[in-house]
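User: Please take a close look at the paired charged side chains, and then follow the parts that lead on from them. I am new to this structure and would welcome one connected account.

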Amino acid sequence: MEIPALERVECAILHEQFKPLNGNILFEAIQKLARELNYAPHVQLMGSSTQKDIHVIANGHRILVSQNPQPLEPEGFRSALTTPYTGFVLPNAHDVVMRHKANTFITIGKGFLDSRHIREHGGSPLLLEAVNAVSSFTTLAEADRARAFCYALTKLIIGHNKASAIHWCVSDNLVSQAVFESSAKDGDITLLNIRPYLSSSAGRLGEGLPLKMIVHGSQWIIGKMIEFEEAPVPFPWMMEVVYGFIRVCQIRGSILPHNNTFGDEDNNWSVAVYHEKIEGHSAWDKVRLVVVNAPQFGIHGDTTAKRYHKYETEEDIRKRAEEEEHEVTAANDPQPFGRRPDTASDGVGSSDRQPAESEVANDARRETRITQQKQDLNALRDFAKRSSTPDKVESIEPAKGWLSRAKGLFKNDR
């Protein structure tokens with residue numbers, strides 16, 4: 001699955017005290033992690049490394065770990081500190097940022113050159129563009145590998161020197177060490193890789209008020225930004241739907257098609273999926289989710305579907321994605337089923353001469369061709385029907401641990 005260019009994966013670890021790991025120990029730990037996670041068989045130490053800062057090249061990726069005896073500037077946390085979501089997962093976030101005394105900063109990028117370094121030192125736009133083209137993560141697989149390694153390396157660091165907070169820069173999530181460690185369930189760090197921007201037409205957020213969500217970070221885990229259209233639904237429910245949608249897309253290896261719906265039959269809800277452009281942003285697209293039916297929240301919509309798919313297992317989801325791919329290929333093939341027009345007949349070169357009526361009537365292949373034409377038309381009609389009718393899928397069970405904590409959000413009007 002392709003994603004918009006992600007220049008680097010970074011994490012800032014905030015500490016109450018400066019207690020750096022010895023550089024040699026850190027280097028050996030990185031080597032061990034690289035082998036255990038099958039990230040790289042060999043790790044090469046870079047000349048810029050010191051006794052406390054370790055910079056390495058592993059499988060064409062640069063991994064930089066800097067242990068710093070001073071705090072990070074508050075400006076770097078401005079966006080994270082101004083969202084209600086941070087207040088939920090880290091209520092004392094502002095105090096933690098202002099109080100920390102040291103930090104460990106981890107960067108993982110492709111290649112030897114860092115586009116940020118070139119930008120800061122006045123490199124030409126052409127050079128910057130060229131470096132970005134080869135040093136950015138552009139597929140989900142390579143971005144996932146970098147994020148998983150960064151997560152494992154962060155856990156190693158905080159196991160030695162406790163964190164007062166962790167800033168997961170890819171999604172701009174600012175969380176406590178406890179939330180960070182509990183966010184990965186069976187190796188899945190989706191909830192860490194997304195951060196919701198919340199708003200409401202009511203002008204404030206509160207229980208019973210309509211809620212809209214922009215899911216920052218989703219563009220780097222499914223390829224498009226997710227926008228959940230405003231609806232009078234609780235935040236925990238909206239987050240569970242988003243998580244389920246992301247999991248289905250990841251299992252499929254592609255986003256659910258435009259104008260489809262997915263839902264949970266047992267809990268009687270369905271959500272529509274629309275693929276759209278982001279106004280003023282040509283590099284990114286978005287997926288807009290719209291609640292079609294959720295009677296428990298007073299939303300009653302048409303749940304009739306001409307075509308219905310019930311997915312019991314992850315394999316069911318993958319098979320359906322393969323079927324869709326086959327349907328699209330068949331519909332776009334001018335000669336379906338691998339057939340191509342004859343270019344010669346009985347060893348004689350092609351001719352513009354129209355066959356006589358008697359030749360057509362006596363052609364032994366006539367019935368076969370008629371049957372093939374009917375099959376082609378039926379295949380195209382079937383695809384047209386499938387393309388214009390929605391899917392319904394059962395949501396994948398979300399990671400309950402973190403989401404269950406969201407039940408207390410917006411208990412009081414704000």
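Analyst: Glu36 is an exposed residue, with a relative accessible area of 54%. Residues are numbered from 1 along each chain as its sequence is written. Because this is a predicted model, local features need pLDDT of at least 70 and side-chain atom pairs count only at pLDDT 80 or more, while totals for chains, interfaces and linings use all residues; side-chain values use heavy atoms, with hydrogens and water left out. Buried means under 20% relative accessible area, exposed means over 50%, and partly exposed lies in between (1.4 Å probe, protein chains only).

The partner of Glu36 is Lys32, and their side chains meet in a salt bridge of 4.0 Å, N to O. A salt bridge here is a side-chain nitrogen of Lys or Arg within 4 Å of a carboxyl oxygen of Asp or Glu. Lys32 has 47% relative accessibility and so counts as partly exposed. Both residues belong to helix H1 (residues 23-36), where they stand 4 residues apart, about one turn of the helix. Helices (H or I, at least four residues) and strands (E, at least two) are DSSP runs, numbered from the N terminus.

The structure contains 13 salt bridges. In general, side chains of opposite charge can pair when their charged atoms come close. Another pair is formed by Asp53 and Lys52, with 3.3 Å between the closest N and O atoms. Lys52 is partly exposed at 28% relative accessible area, whereas Asp53 is buried at 13%.

A further salt bridge joins Arg288 to Glu229, and its closest N and O atoms are 2.5 Å apart. Arg288 lies in strand E15 (residues 281-293) and Glu229 in strand E12 (residues 225-231), so this pair ties together parts that are 59 residues apart in sequence. Arg288 is buried, its relative accessible area being 18%, while Glu229 is partly exposed at 30%. Through salt bridges that share partners, Glu227, Glu229, Glu276, Lys286 and Arg288 are joined into one network.

Two packed helices are described by the angle between their axes and the distance between the axes. Axes are lines fitted to C-alpha atoms, for helices over the stretch in contact, and angles run from 0 to 180 degrees between N-to-C directions; contact means heavy atoms within 4.5 Å. The axes of H1 and helix H7 (residues 140-160) come within 11 Å of each other and cross at roughly 140°. That makes H1 oblique to H7, since angles under 35 degrees count as roughly parallel, over 145 as roughly antiparallel, 65 to 115 as roughly perpendicular and the rest as oblique. The crossing of H1 past H7 is right-handed; a crossing is left-handed if the near helix is turned anticlockwise from the far one by less than a right angle, and right-handed if clockwise. From H1, Leu26, Ala29, Ile30, Leu33 and Ala34 meet Phe149, Ala152, Leu153, Leu156 and Ile157 of H7. The residues of this contact divide into 10 nonpolar, no polar and no charged, where Ala, Val, Leu, Ile, Met, Phe, Trp, Tyr, Cys and Pro count as nonpolar, Asp, Glu, Lys and Arg as charged, and the others, Gly among them, as polar.

Ile63 is part of strand E5 (residues 61-68) and is buried, with a relative accessible area of 0%. Its C-alpha atom is 9.9 Å from that of Glu10, which is 53 residues away along the chain.

Asn59 occupies the loop between strand E4 (54-58) and E5. Although it is not a glycine, Asn59 has a positive phi of about 55°, and at 48% relative accessibility it counts as partly exposed. Asn268, likewise not a glycine, has a positive phi of about 60°; Asn268 sits in the loop between strand E13 (260-264) and E14.

Buried residues account for 46% of its 414 residues.
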